[in-house]
Amino acid sequence: MKLLSQFKVGERGVVVAVHGEGAIRRRLFDMGITPGAEIYLRKKAPLGDPMEVSLRGYELTLRNAEAAHVEMK
Amino acid sequence: MLKFALAGNPNSGKTTLFNALTGSTAHVGNWPGVTVDKREGTYKKGENPVDIVDLPGIYSLSPYTPEEVIARNFILEERPDCIINIVDATNLERNLYLTTQLMEVDTPMIIALNMADVLEKNGDHIDVKALEKNVGLPVVEISALKGRNIDLLMERAVEAVEQKRVGVSVLKDSVLGSAIANAEIALKLKDVPAPLFHAVKLVEKDEIEVKNHPAEARAVESFIKENVCQKSGFCGDAEAEIADARYKYITAHYSSTLTRARKAADETSKTEKADKILTNRFAGIPIFLVILFLIFHLTFSEDMFFLGAIIKPFGEWCGVEGNAAKSIFFAGGLNSPGVILFNALDLLTSKIGEWLTLGLNGLGASSWVSGLVVDGIWGGVASVLSFLPQILVLFLFFSILEDSGYMARVAFMLDRIFRRFGVSGRAFMPMIMGFGCSVPAMINTRTMADEREREATVRVIPFFSCGAKLPILLAIAGGIVATTGVAGGYADVITYSMYLLGIVTALVCLLIMRNTTKRGEASPFIMELPTYHLPGFKNLMLHLWDKAKHFIQKAFTIILVSCVVVWFLSNFGWNWKMVDSMDQSILASIGQFLQPIFTPLGFGAQLNQNGWVFAVAAITGLIAKEDVIATFGTLAACLVASMPSGEYGEGVAEVMVMIEQTGITVPALISFIAFNMLTIPCFAAVAAAKGETAKGKFKWTLLFWIVVSFVTSAIVYSFGTMFNHPIANGNVWSIFVSIGIVILAALAILGIVLYNKHMNKKEAKAKLLKNK
């Protein structure tokens with residue numbers, strides 16, 4: 001099992017499951033992070049957190065803490 | 001009248017479309033979440049006028065953020081005749097996710113496919129006919145920015161209204177389809193409007209829905225347990241399953257209508273290229289700081305790029321000395337665009353003042369009439385009006401940054417730092433907007449999900465010195481430099497420092513609040529980074545025009561009236577007769593009564609008999625912050641017969657009179673600026689803050705502003721005074737004592753923060769144990 005937060009810059013993967021609860025989880029779904037979505041980790045912010053990912057044809061930023069809810073393969 | 005609602009994702013161009021439809025000038029920016037409240041206008045070009053409602057941008061109809069609830073309630077309860085769902089063609093999948101939710105409501109609906117032209121430019125193509133067929137809704141390709149196909153959109157929307165529509169769901173064939181169908185039947189029996197929408201939400205276990213229909217919610221739950229779970233083996237989380245099913249359906253049925261020319265088309269690669277530099281690991285933050293410095297430098301500097309030494313001989317050769325027209329462009333050094341415009345307008349306003357005097361004298365007006373008009377009204381209004389160019393220049397730069405999409409990147413880069421202070425990078429946008437005006441900035445905090453974080457942010461927004469406070473900063477900084485020559489003669493250094501003081505105070509207050517009264521950790525930061533684009537010229541001009549209009553209106557209404565009132569109160573005594581000297585006026589006695597409050601801040605009882613003017617100015621500032629300098633303008637004319645000669649700008653000259661006539665010290669002046677910047681903001685901002693905070697709790701916000709402004713200004717004053725003449729006054733010890741106090745205060749804050757971290761960890765552990 002690998003989490004999105006453990007990805008390195010330039011790595012690409014597919015979402016397997018989204019953990020967490022309530023508003024955060026719903027937000028991740030609404031932004032298109034659902035099982036089967038392909039995610040590319042484009043870069044990390046100058047201070048190492050948050051990260052910028054590319055999915056479904058657009059750019060999204062989220063923190064490592066939130067990315068830790070996303071299970072990848 | 002028909003009522004249409006505009007619904008769509010944040011930053012999909014809804015407000016641009018709204019402006020195009022209604023001819024209004026609502027604020028637009030390249031930042032997700034500019035519109036946070038609904039807004040109404042009228043479309044008049046059709047056969048019949050149509051009411052247009054611009055809803056806040058949303059990604060989903062979930063119940064988690066205030067703007068989602070606003071949009072949801074409007075659609076369900078106010079029942080518009082048609083929903084115009086604006087879809088960003090360059091971001092089809094995520095935009096259609098909301099569409100699949102909207103189409104579950106029974107309301108007629110039409111899709112406005114926006115930015116299809118941008119997509120075409122990239123070489124990509126959307127088959128509109130196929131999309132229309134697959135979605136089952138009319139689709140019109142538009143360009144909101146260029147106003148293309150807007151009328152066609154409205155025509156087809158009116159047609160859609162005539163054909164009634166019942167909600168359809170893309171979830172029909174999913175695992176949960178049967179559960180949704182059952183819930184729909186149950187709700188239909190209860191005569192609930194838009195039963196399909198509510199049914200889906202019930203299956204999702206949506207908080208609002210479960211509360212409204214508890215019996216049905218229980219039935220749905222047991223149905224899923226007994227039927228769905230056994231038949232299909234799906235026993236998991238319905239919310240995840242539904243989101244997943246929506247996206248799966250979109251990829252299968254809608255995404256196929258989009259053909260991409262090549263992977264990584266032009267526009268995205270441009271954004272990528274720009275981001276390689278602008279959000280670079282090493283250069284990103286330094287670049288941001290340089291941009292920020294340049295913005296302030298180009299607005300305020302009187303020695304652009306510090307070329308003074310080179311420019312000076314050139315200026316002498318030109319004969320700048322004593323030439324008003326030439327010194328618009330350079331005095332000691334080359335002036336920045338902001339200062340050049342300021343000087344030009346200032347020359348005009350002082351000329352108008354002269355003409356007014358001449359004109360009134362020519363008409364044979366009595367001296368008190370010309371006193372009222374020239375000193376009272378024009379003196380006050382002009383001292384404020386001449387700062388308009390610099391406010392606009394500053395605003396222009398920030399609008400460019402916002403429009404281009406750079407601001408979202410700054411939030412991305414600074415989130416880590418902001419989190420240290422207990423707020424997420426999202427708080428960055430309202431804070432930057434605060435440099436323009438606190439009112440929209442406070443309203444913009446609605447994009448923040450956490451109530452405590454939001455309230456803390458609302459409280460510190462006034463510390464980001466707004467446009468109306470700018471005249472205070474500039475006039476007093478100018479006055480200080482002109483009389484004493486401190487700060488190396490650079491008035492803009494004082495201006496920057498005051499901005500910085502406001503920011504630092506805001507951050508310290510956030511840190512304290514988020515660890516005490518508004519305890520909590522920074523909320524999640526999951527935000528879209530929009531594609532960069534060149535700011536639209538028309539859009540920029542609209543922003544500027546709006547700002548200028550608002551400022552001028554204010555100058556000729558609220559500020560003009562306050563000037564008249566101040567003039568009367570300062571020229572008449574309690575016996576309603578004109579006084580010989582201002583000391584006997586009504587205003588003087590009010591000012592003298594209030595004066596002692598400000599003694600610890602340096603502009604109270606320690607000043608001479610005219611010192612009450614500062615107390616009065618600070619009080620008038622509660623109406624509108626421009627009033628502070630306007631009051632100086634009105635009073636200066638009463639204090640002295642003639643203004644200081646020389647090339648001093650409007651406002652600056654008045655402050656020089658104040659300094660000369662009251663014996664106020666430099667530290668006290670700085671403390672005066674700080675007080676006005678940090679204390680209770682103007683009427684409008686107070687009302688906005690009241691609207692954005694919890695009911696009945698607003699008195700604490702007012703108290704917060706009073707305490708922060710008094711404490712900070714007192715610190716500024718006492719430090720300034722000590723370092724001014726430390727040894728001569730035997731103040732060496734007090735320096736050590738005050739440094740000690742500051743260290744103790746810092747340690748106390750650190751203590752609170754660490755204690756809180758410890759407690760949070762403890763709580764998290766306890767929660768974990770409980771769950772296990």
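This report walks through some sheets, a surface patch and several salt bridges in a predicted model.

## The sheet of chain B

Let's start with chain B, where six strands form an open sheet in the order 2-3-1-4-5-7, with mixed pairing. Strand 2 (39–43) and strand 7 (139–142) of chain B sit at the edges, each pairing on one side only. On average, neighbouring strands of this sheet are turned by 25° against each other, direction ignored.

Because B:Arg39 belongs to strand 2 and B:Asp54 to strand 3 of chain B, the pair ties together parts that are 15 residues apart in sequence. B:Arg39 is partly exposed, with a relative accessible area of 25%, whereas B:Asp54 is buried at 0%.

## Helices on that sheet

Two helices are worth a look here. Helix 3 (residues 92–102) of chain B lies across strand 1 (2–8), strand 4 (82–88) and strand 5 (109–114) of chain B, at about 165° to strand 4 of chain B. Helix 6 (residues 150–162) of chain B also packs on the sheet, touching strands 1, 2, 3, 4, 5 and 7 of chain B, and its direction makes about 160° with that of strand 5 of chain B.

## An enclosed strand in chain A

Over in chain A, strand 4 (residues 51–55) has five of its five residues buried, so it is largely enclosed by the rest of the structure. A:Met51, A:Val53 and A:Leu55 point one way from this strand, while A:Glu52 and A:Ser54 point the other way. In a regular strand, side chains alternate between the two faces of the sheet.

Strand 4 of chain A has antiparallel partners in strand 3 (residues 38–44) of chain A, through five bridges, and in strand 5 (residues 58–62) of chain A, also over five bridges. A:Lys44 is bridged to A:Met51, and A:Glu52 to A:Thr61. The hairpin of strands 3 and 4 of chain A has six residues between the strands, and there A:Gly48 takes a positive phi near 90°. In the hairpin of strands 4 and 5 of chain A, with two residues between the strands, A:Arg56 takes a positive phi near 45°.

## Salt bridges between and within chains

The count over all chains comes to 33 salt bridges. One of them is formed by the side chains of B:Glu68 and A:Arg27, at 3.7 Å, N to O. B:Glu68 lies in helix 2 (residues 66–78) of chain B and A:Arg27 in helix 1 (residues 22–30) of chain A, so this pair joins two chains. Both B:Glu68 and A:Arg27 are buried. A network of salt bridges links A:Arg26, A:Asp30, B:Lys201, B:Glu204 and B:Glu239.

Within helix 18 of chain B, B:Asp415 and B:Arg419 are four residues apart, about one turn of the helix. Their closest N and O atoms are 3.4 Å apart in a salt bridge.

## A nonpolar patch on chain B

Finally, a nonpolar surface patch of about 800 Å² is made by residues including B:Phe293, B:Phe305 and B:Tyr490. Helix 13 (residues 284–300) of chain B gives the most to it, with three residues. B:Phe293 is found in helix 13 of chain B and counts as partly exposed, at 38% relative accessibility.

Key:
Residues numbered from 1 in each chain as written. Chains lettered and ligands numbered in written order. Predicted model: local features only at pLDDT ≥ 70, side-chain atom pairs only at ≥ 80, totals over all residues. Heavy atoms only, no water. Pairing = 2+ DSSP bridges. Axes fitted to C-alpha atoms, helices over the stretch in contact; angles between N-to-C directions. Contact = heavy atoms within 4.5 Å. Buried < 20%, exposed > 50% of the residue type's maximum accessible area, 1.4 Å probe, protein only. Patch = residues over 30% accessible without salt bridge, like charges linked within 9 Å, V, L, I, M, F, W, Y side chains within 5 Å. Areas by Shrake-Rupley, 256 points an atom, 1.4 Å probe, with all protein chains shown as cover. Salt bridge = Lys/Arg side-chain N within 4 Å of Asp/Glu carboxyl O.
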